[in-house]
Amino acid sequence: MTQPAVSKPLPEPDEPSLPFFQGATDGRLMLMKCADCGAFRLPSRHHCDECLSPTFTWEQASGRGTVRTFGVMHQRYHPGFALPYNVTVVELEEGPRITTNLVGIDNADIRVGMPVTVEWERHEDVTLPKFRPA
Amino acid sequence: MSHPLRGAAAITGLGMTPMGRIYGKSTFELAADAVRLAITDAGLKKDEIDGLLINAGITGTTGGGLTLGLQNYLGLGNLRLLNHMNAAGSTAAQMVQYATMAIAAGMATHVVCVFADAPLRETTSSGAAYGGAARAPGRPKGMAGLYAAAGYFGANTGYALAARRHMAVYGTTQDQFGQIAVSQRAWAVNNPLAQLREPMTMEDYHASRWIIEPLHLLDCCLVSNGAVAVIVSPADRARSMPQPPVYIHGMGQGHPGDHARAGSDWETMTGARIAARTAFAMAGCGPEDIDICELYDCYTYTVLVTLEDYGFCKKGEGGPFVEDGKLGPGGSLPTNTGGGELSAYYMWGMTPLSEAVIQGRGAGGARQVTKNGLILCTGNGGNLSYHAALILSPHAN
Ligand SMILES: [Zn+2]
């Protein structure tokens, strides 16, 4: 697969997600864990979406999960993506779901429920969590 | 005892502009055309309108959409009820719900509910009009940026993910999605308002290009410019107005929330499950009593999962349920009888609502369903995030 000349849209860390992206650079998948009810969440908000507690700790996730669902994109929305590519939702062992891409597998071989493990895609100033079959 | 709001109000006016690839009018101009048509249809004078509920389509986000300023554009000076609402594709049904409640509370008499959108330009594709993050300049911020970085663009992606999950969990097949598209096109053939009226076969369905597997182009709704307005009035007034009233028997909503949360089953268990209980209880009926379904059909899969969630079949059996073509003309559960958003026109929740009014009036011409006693009309928005339902009837009780 040839790499497109244009970069795909890369996220810019915001304040709540900064430790997540710092962790990614260090090869660690970081989640917020509610200090009151123990629920894990993706670090997109200061309040727990189970109990609304604003108190939390940062925890390293196992990096393991399963494919919750996926699609294979054929429509060109952005020049930074080589078609076709998969868009995959991984259900993390800790519970939350993360939207990502599977690497190291043919799109035709992806199955819902298959175990996967995190792997890091490094860009100039940001690192992204991708997943490959475990 | 009957629910106090069952049959309290009725839809008494309907106005529809030309819809589809029509150009040259702003959303305000389109809305004014639809409102004028609806007021005329209802036999009212403009000054009798005392309620206005407004829903902008995608242009409410991308620019040029309806705002509260529509009141002034329309020159409505007697309003007792006014709001600009947005719960995505569930808004149209919601506007009728809030209008009904306001009428029952004595807060308004004749309420106009209007939707207008004009995302299409002569030079742009339908996909470009709804491309989501792909059209956003600069770098996406924070965790939300992971979506764009994964190439997740627009609703097509979200619904493909939901449909795939249903296929994996319940064994639903591509042919079963295809049958929904084919059944609806068969209805559109007889709808002069429809954008796509050429008959469609399963071969046509399978030959249509992939957008995002498992969705073919023909699994996805149209994109349309245009406007639709309805007028909601008290039932006792409706009886003496010119059009056959379409009474509101049941109403309900359901909003299951964030997809990324642990434990969410958003893909296969939608807000329709919650809305169904409220709406059926209010109407005093169940799915077995429904004669016609007008279901929000942004994708074929939306129809399938909505049928399950209203209890027309068991959870997971939507595929086999639709497979025999029972949704199409002559079938046992006429569904999306104008062709729906897939084949007729995409006016968000006004698509199922307008066709429900037409069928309830008996004004469907060649596509009119004879048995129209109870019509289920649904709206759905976000990625199966928001849901609202109306149960409508030509009968007051
Ligand atoms: Zn908590």
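I take helices (H or I, at least four residues) and strands (E, at least two) as DSSP runs, numbered from the N terminus.

**Basis.** I worked with a predicted model, in which local features need pLDDT of at least 70, side-chain atom pairs count only at pLDDT 80 or more, and totals for chains, interfaces and linings use all residues. Residues are numbered from 1 along each chain as its sequence is written, chains are lettered from A and ligands numbered from 1 in the order in which they are written, and side-chain values use heavy atoms, without hydrogens and water.

**Cis peptide bonds.** I looked up Pro214(B) and found it in the loop between strand E5 (210-213) and strand E6 (215-216) of chain B. The bond that leads from Glu213(B) to Pro214(B) is cis, and its omega is near 10°. Pro84(A) belongs to the loop between strand E4 (64-73) and strand E5 (85-92) of chain A.

**Positive phi.** I then turned to Asn336(B), a residue other than glycine whose phi is positive, near 55°. Asn336(B) sits in the loop between helix H13 (318-323) and helix H14 (340-343) of chain B. I call a residue buried under 20% relative accessible area, exposed over 50%, and partly exposed in between (1.4 Å probe, protein chains only). Asn336(B) has 2% relative accessibility, so it counts as buried. Trp348(B), also not glycine, has a positive phi near 45°. I located Trp348(B) in the loop between H14 and helix H15 (350-361) of chain B. Its relative accessibility is 8%, and therefore Trp348(B) counts as buried.

**Leu53(B).** I found this residue in strand E2 (residues 51-56) of chain B. Is Leu53(B) buried or exposed? Leu53(B) counts as buried because its relative accessibility is 3%. For contact I required heavy atoms within 4.5 Å. Leaving out residues up to four places away in sequence, Leu53(B) touches several residues, among them Leu81(B), Met95(B), Tyr98(B) and Cys113(B).

**Chain A and its partner.** I recorded one helix and eight strands in chain A. In chain A, 49% of the 134 residues count as buried. I noted that 44 residues of chain A are in contact with 39 residues of chain B. The area buried between the two chains (accessible area, 1.4 Å probe, lost on being put together and summed over both) is about 3,500 Å², with 56% from carbon and sulfur atoms. On the chain A side, Arg68(A), Tyr77(A) and Arg97(A) lose the most area to chain B, together 20% of what that side buries.
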